[in-house]
Amino acid sequence: MKWLLVAAIVLATVLGDLLQSHEMKQAGEQSVSARGFARLLETIAQRRLLFLGVACNAVSFFAFMALVQTEPLSFAVPASASSFVLETLLAKFVLHERIGARRAAGALAVLAGVVLVGG
Amino acid sequence: MNTFTERSGAVLKTYSVLLLFLALKAAGNSAMAWGMKQVPERMSMNPALYLRAMLHPFVAVGVVALILALLTRMALFSLADLSFVLPVTAVGYVIAVFLGKVFLHETVTNQRWLGALLIFAGAVLVGSTSRNTTSAARTEALK
């Protein structure tokens, strides 16, 4: 059951992040002031894919609630990081971001760390 | 000189938003984990259970903090690449292990600490690379 919840978190997170990153780049730079947040909410309402991305976050959020009810936080949070390398790869191939050697090495170190933390 | 000031301003903004995100995430996670363990009913596919759990004060604080963290992270996405945001926010995993140990009294093995350190090292490595490679400023930023 706990790995099923982790899988739900990972898949919903990956899809949500890709949609959000893609849409937010097109929406332009945002600020974190009160007015900035209001504009952000307006942007979410206007962009269907961005809204879908937020819905994915909601799914991952409920799965996380269920996971921390039974598992320690020091497992739940790192385990959800298994989404990491998959996302970096998708950032390169779907969003066409440039992944240099240093960025790739960093992401791999993070992955190794996640494996140790989760094991 | 002007472009230098603008660029360091943008970097400062990126890192301030990053810090705000990490603080909200850490507070939200801890409150959520603490609160959920006090909720008597086990969560299932029934949405009503989740809504009722949100009435617990610690869970409610967790939900609010995590929603604010989510919005802050979206603002961060408008400032930097996904492949920058993801590894750098991974510092949050180390913070979560630390808070789990200190505030929630969880057992943290040496292997788990080692993993947390590796995550941190990876995040620092990625943080040393350029901030945004897909915007118009990329030729400048790649220097």
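In which crossing, right-handed or left-handed, does H1(A) pass H3(B)? In this predicted model, the crossing of H1(A) with H3(B) is right-handed. The two helices pack at an angle of about 65 degrees. Their axes lie 8 Å apart. On the H1(A) side, the contact is made by Gln20(A), Ser21(A), Met24(A) and Ala27(A). H3(B) contributes Met74(B), Phe77(B) and Ser78(B). By class, the residues of this contact comprise four nonpolar and three polar. None is charged.

The contact between the chains was examined next. Chain B provides 53 residues to it, and chain A provides 50. On the side of chain B that touches chain A, at least two residues come from each of helix H1 (2-38), helix H2 (47-53), H3, helix H4 (82-88), H5 and H6. H6(B) gives the most to this side, with twelve residues. The side of chain B that touches chain A holds 34 nonpolar residues, 13 polar residues and six charged residues.

Next comes the nonpolar core. The largest nonpolar core has 69 residues. Those that touch the most other members are Leu67(A), Val68(A), Leu76(B), Tyr93(B) and Ile119(B). Helix H3 (residues 57-79) of chain B supplies the largest share of this core, ten residues. With neighbours within four places in sequence left aside, Leu67(A) is in contact with Lys2(A), Leu5(A), Val6(A), Ile9(A) and Ala76(A).

Two single residues were then considered, one in each chain. Leu15(A) is found in helix H1 (residues 2-27) of chain A. Leu15(A) has 20 C-beta neighbours inside 10 Å, so it counts as buried; the cut-off for a buried residue is 20 or more. Glu42(A) is 27 residues from Leu15(A) along the chain. The C-alpha atoms of Leu15(A) and Glu42(A) are separated by 21 Å.

His105(B) lies in a loop of chain B, between helix H5 (91-102) and helix H6 (110-127). His105(B) is not a glycine, yet its phi is positive, at about 55 degrees. His105(B) counts as exposed because it has 8 C-beta neighbours inside 10 Å, and a residue with 12 or fewer is exposed. The two helices that flank this loop, H5 and H6 of chain B, each supply at least two residues of the side of chain B that touches chain A.

Terms used:
Residues numbered from 1 in each chain as written. Chains lettered and ligands numbered in written order. Predicted model: local features only at pLDDT ≥ 70, side-chain atom pairs only at ≥ 80, totals over all residues. Helix = DSSP H or I, 4+ residues; strand = E, 2+ residues; numbered from the N terminus. Core = buried A, V, L, I, M, F, W, Y, C linked by C-beta atoms within 7 Å. Contact = placed C-beta atoms within 7 Å. Nonpolar A, V, L, I, M, F, W, Y, C, P; charged D, E, K, R; others polar. Axes fitted to C-alpha atoms, helices over the stretch in contact; angles between N-to-C directions. Left-handed = near helix turned anticlockwise from the far one by under 90°.
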